[in-house]
Amino acid sequence: MKKKLTKAYSCKKGKPTVVTTILFILLIIYCIGLFIPILWSIWSSFWDYQAYKHFYIFKAFKTFKFPSQKTLTNYADAWRNLKVTTIETDKHAEATYGILGLFKNSILYTVGCALAFTLVPSVVAYATARFKFKFSKLVYAFVIVVMALPIIGSTPSELRMLKMLNLNGSFVGMWILRAHFLNIYYLIFFAQYESIPMDYTEAARVDGASNLRIMFQVIFPQAFNTFVTVFVLSFIAYWNEYQVPLVYLPEYPTVGYCIYNFVTISSDGNITSYIPVQMAGTIIMTLPILIVFIVFNKRLRVGVSMGGIKG
């Protein structure tokens with residue numbers, strides 16, 4: 001009788017319902033909608049400008065003919081023209097950053113901010129999840145309240161604080177601003193560390209390990225996939241950011257601001273106003289994100305797990 005019930009349940013479970021089918025179709029349409037602009041950007045980056053100028057998408061689909069003039073000069077033009085000239089200030093003279101300088105600024109800003117944004121919630125979550133005291137509950141509740149209440153207009157106060165600390169316009173100041181735990185990732189790390197049995201900690205203490213050694217050599221390795229996932233997601237977000245570096249780091253322009261400047265401020269007749277060149281520049285600036293995704297692909301597929309620990 002038990003075998004028949006199990007077989008009937010498995011057959012019923014494997015049969016897709018109407019709701020599941022509709023959701024699956026909607027997800028496929030959504031994924032296609034995401035991929036079409038990406039493929040279109042890559043394809044248009046190889047077009048000759050004159051061919052692209054006289055190209056009409058509806059006419060092309062009607063006649064099934066697309067321009068055949070392809071060129072790689074768009075990437076060379078984008079490489080030469082991807083630059084930002086800063087404004088002279090009291091601390092810094094006017095400077096022009098080419099593509100290598102922009103990549104350097106973006107790496108310093110992105111890696112430092114992503115590491116601070118990932119490490120601080122992880123450490124605080126470890127302390128509040130593994131050491132049960134009254135203050136840990138207060139920290140947890142405080143994070144929930146801060147996430148529920150929108151914080152608007154914090155930029156002037158942050159700028160004022162950085163100026164008073166003489167950290168305005170520096171990468172260290174940005175790293176300090178990102179070193180907080182008032183975000184959703186604190187809750188994710190908290191759930192991860194709370195699910196780890198205390199037997200690991202007790203066994204390490206019997207062997208004479210200190211609290212710091214237990215944290216870095218026993219507990220953190222078990223949450224390594226979560227740490228990498230949060231770091232990569234933060235890296236992508238900070239790499240694409242341009243508003244914050246524009247306000248806080250005007251002397252050190254990043255890739256995100258360069259793309260914004262490249263696309264929006266280009267004058268008519270300038271080569272940077274050509275859409276194929278703009279697409280080529282955007283693809284060049286996206287390559288580091290692609291490299292990071294390829295390197296950490298397996299870690300990202302594991303995802304942010306909150307389950308138990310397998311022995």
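A nonpolar core is a set of buried Ala, Val, Leu, Ile, Met, Phe, Trp, Tyr and Cys residues joined through side-chain atoms within 4.5 Å. In this predicted model, the largest such core has 63 residues, and the members that touch the most others are Y109, M174, Y186, Y193 and M285. Helix α6, residues 99-130, supplies eleven residues, the largest share of this core.

The protein as a whole has 311 residues, of which 36% count as buried. Its secondary structure consists of 17 helices and two strands. Among contacts between residues at least 6 apart in sequence, 75% join residues at least 24 apart. The exposed surface comes to about 19900 Å², and carbon and sulfur atoms supply 68% of that area.

The axes of α13 and α16 come within 11 Å and cross at roughly 180°. Angles over 145 degrees count as roughly antiparallel, and α13 and α16 are therefore roughly antiparallel to each other. The table gives the residues that make the contact.

| Helix | Residue range | Residues in the contact |
|---|---|---|
| α13 | residues 224-239 | V232, F235, I236, W239 |
| α16 | residues 275-295 | M285, P288, I289, V292 |

The residues of this contact divide into eight nonpolar, no polar and no charged.

Leaving aside residues up to four places away in sequence, M285 touches L82, I99, L102, F103, W239, V255, C258 and I259.

Note on methods:
Residues are numbered from 1 along each chain as its sequence is written. This is a predicted model: local features need pLDDT of at least 70, side-chain atom pairs count only at pLDDT 80 or more; totals for chains, interfaces and linings use all residues. Side-chain values use heavy atoms; hydrogens and water are left out. Buried means under 20% relative accessible area, exposed over 50%, partly exposed in between (1.4 Å probe, protein chains only). Helices (H or I, at least four residues) and strands (E, at least two) are DSSP runs, numbered from the N terminus. Contact means heavy atoms within 4.5 Å. Accessible areas come from the Shrake-Rupley method with a 1.4 Å probe; for residues, only the protein chains shown count as cover. Axes are lines fitted to C-alpha atoms, for helices over the stretch in contact, and angles run from 0 to 180 degrees between N-to-C directions. Angles under 35 degrees count as roughly parallel, over 145 as roughly antiparallel, 65 to 115 as roughly perpendicular and the rest as oblique. Ala, Val, Leu, Ile, Met, Phe, Trp, Tyr, Cys and Pro count as nonpolar, Asp, Glu, Lys and Arg as charged, and the others, Gly among them, as polar.
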